[in-house]
Amino acid sequence: MEYYLAIDIGASSGRHILGSVENGKLKLEEIYRFENGISKVTDEYCWDTYKLFENIKTGIKKCVEIGKIPKSVGIDTWAVDFVLLDKKDEIIGNAVSYRDDRTEGMMEEVFKIIPRDMMYLYTGIQFQRFNTIYQLLSIKKNKPEILEEAKTFLMIPDYLNFLLTGKKVNEYTNATTTQLVNSFDRTWDPKILDDLGIKKDIFQEIKLPKTKIGGLRSELVREFGFDMEVVLPATHDTGSAFISSVCNDSDSLYLSSGTWSLIGLENRFPLCVPQTMGYNFTNEGGIDYRFRFLKNIMGLWIIQEVSRNLENKYSFAELVELARAKSDFTSIVDVNDDRFLKPENMIKEIKDYCYETNQEVPRNVGEIAMCVYNSLAHCYKKAVANIEEIFEKKFKRINIFGGGCQNIFLNELVAKVTGKEVLAGPVEATAIGNITAQLLSYNIFKDLGQARGAIKESFHIVTFEPNEI
């Protein structure tokens with residue numbers, strides 16, 4: 001049996017999942033799980049890249065312990081964040097999180113140099129204050145010595161791949177989220193970099209998913225007792241998740257549901273026009289030079305923060321049931337409002353928003369949870385309406401995948417509010433997509449269509465009809 005290892009790292013945790021193919025079906029086995037998170041270092045919220053890599057090594061050693069040696073490994077993480085390396089390949093400064101407030105006001109500073117419409121025309125990427133471009137401008141303005149010293153720019157999964165292999169590459173799907181890649185040339189945009197005064201030579205060659213970048217460093221081969229190929233998946237976790245969609249037709253929309261919600265479709269070309277810019281849709285890179293045309297929506301982060309504010313007194317399943325019991329509560333919030341990005345107290349922000357917009361203020365945990373889930377469903381509905389207007393057609397169904405698709409109540413709300421059939425699954429979409437890219441690299445599947453057919457046959461998919469809710 002051949003095994004392929006997906007290392008899927010999110011904002012709060014990471015997992016090592018082994019994949020294999022048996023009788024044309026994918027099999028998954030979770031090997032190791034570890035915690036992740038940001039912490040304050042001096043005046044910045046940062047990721048601990050040393051701890052991340054130590055956990056990566058620990059999980060690989062677990063594979064050895066159980067006698068299941070991977071043929072290859074792929075790493076995916078969240079988007080936009082990066083490290084800068086000096087001439088000795090050491091990190092300069094911190095691996096700062098996108099949730100840090102250093103980008104406050106930086107978007108407006110960029111627009112003084114490059115007009116908003118031109119930026120969108122060049123890159124096709126939606127405007128979010130934490131995009132890499134605004135992080136880099138913040139460094140240039142406030143800590144210019146860091147950029148002056150920098151010799152290498154690597155996004156978080158690129159850096160972890162470098163620690164494994166010694167090879168420096170920038171992977172395509174994650175690179176596009178920087179808002180520095182030209183959507184038509186599909187490479188770093190020299191005009192943007194020149195206009196902003198960011199030196200071009202720190203950026204690496206952009207490589208596509210399915211690219212084999214090499215074996216492990218010799219010292220790691222000695223440490224693990226074996227070598228394996230490092231293969232690029234879509235290193236942006238949403239890019240990997242989209243690979244796992246069980247719908248391979250033109251009548252379906254995709255919704256990757258997790259800490260963030262990303263709803264949209266696959267396109268063969270970018271849509272960088274005033275209408276899509278006005279709705280703030282993005283054209284992120286996908287596998288095989290596909291474009292993920294989607295809307296980035298604050299997702300289950302909001303309910304996660306509600307749970308934290310309640311000192312984790314309730315499980316997420318209990319929060320769902322409390323919301324269901326208050327399903328007649330109708331107040332909604334704009335989940336994309338910046339006030340919900342990293343508030344001191346999410347519950348207070350929800351209540352304040354309802355009060356300020358003359359809606360009923362939630363009074364108990366059930367009403368707060370119902371407000372969150374109902375708000376998400378209505379935000380999805382608005383995004384669907386925008387997409388249907390742009391493409392001048394009606395879509396029949398929404399495939400919800402990722403961890404959020406296990407929330408039956410939210411699936412029901414989405415079907416009811418949008419009026420669309422909802423297909424829920426697969427749950428482990430990101431890891432499946434990561435492994436699928438590796439399988440495609442080895443020609444285990446001939447193309448993405450065949451792979452998606454196998455995924456649909458391999459994992460449990462639940463259907464929710466709007467007229468049954």
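The model is predicted: local features need pLDDT of at least 70, side-chain atom pairs count only at pLDDT 80 or more, and totals for chains, interfaces and linings use all residues. Residues are numbered from 1 along each chain as its sequence is written, and side-chain values use heavy atoms, with hydrogens and water left out.

**Exercise 1. Helices α1 and α6**

Task: classify the crossing of α1 and α6, then list the residues that meet.

Solution. 
- Take the helices as DSSP runs (H or I, at least four residues; strands are E, at least two), numbered from the N terminus.
- Helix α1 covers residues 49-65, and helix α6 covers residues 156-165.
- Their axes come within 11 Å and cross at roughly 55 degrees. Axes are lines fitted to C-alpha atoms, for helices over the stretch in contact; angles run from 0 to 180 degrees between N-to-C directions.
- That makes α1 oblique to α6. Under 35 degrees would be roughly parallel, over 145 roughly antiparallel, 65 to 115 roughly perpendicular; the rest is oblique.
- From α1 come Thr49, Leu52, Phe53, Ile56 and Ile60. They meet Ile156, Tyr159, Leu160, Leu163 and Leu164 of α6. Contact means heavy atoms within 4.5 Å.
- By class, nine residues are nonpolar, one is polar and none is charged. Ala, Val, Leu, Ile, Met, Phe, Trp, Tyr, Cys and Pro count as nonpolar, Asp, Glu, Lys and Arg as charged, and the others, Gly among them, as polar.

**Exercise 2. Helix α16 and Asn411**

Task: is Asn411 buried or exposed, and how does its helix pack against α13?

Solution. 
- Asn411 lies in α16, residues 408-418.
- Its relative accessible area is 1%, so Asn411 is buried. The cut-offs are under 20% for buried and over 50% for exposed, with partly exposed in between (1.4 Å probe, protein chains only).
- Asn411 touches Ile400, Gly404, Cys405, Val422, Ala424 and Phe464, leaving out residues up to four places away in sequence.
- The axes of α13 (residues 316-325) and α16 come within 9 Å and cross at roughly 40 degrees. The pair is therefore oblique.
- Val320, Ala323 and Arg324 of α13 contact Ile408, Phe409 and Glu412 of α16.
- This contact has four nonpolar, no polar and two charged residues.

**Exercise 3. Annotated spans**

Task: what are the helix and strand contents of residues 3-242 and residues 253-440?

Solution. 
- In an unreviewed entry, UniProt lists residues 3-242 as "domain: Carbohydrate kinase FGGY N-terminal". Such annotations may be inferred rather than shown by experiment; names are shortened and positions follow the numbering used here.
- Residues 3-242 are 35% helix and 25% strand, with end C-alpha atoms 22 Å apart.
- UniProt lists residues 253-440 as "domain: Carbohydrate kinase FGGY C-terminal" (unreviewed entry).
- Residues 253-440 are 45% helix and 18% strand, with end C-alpha atoms 23 Å apart.
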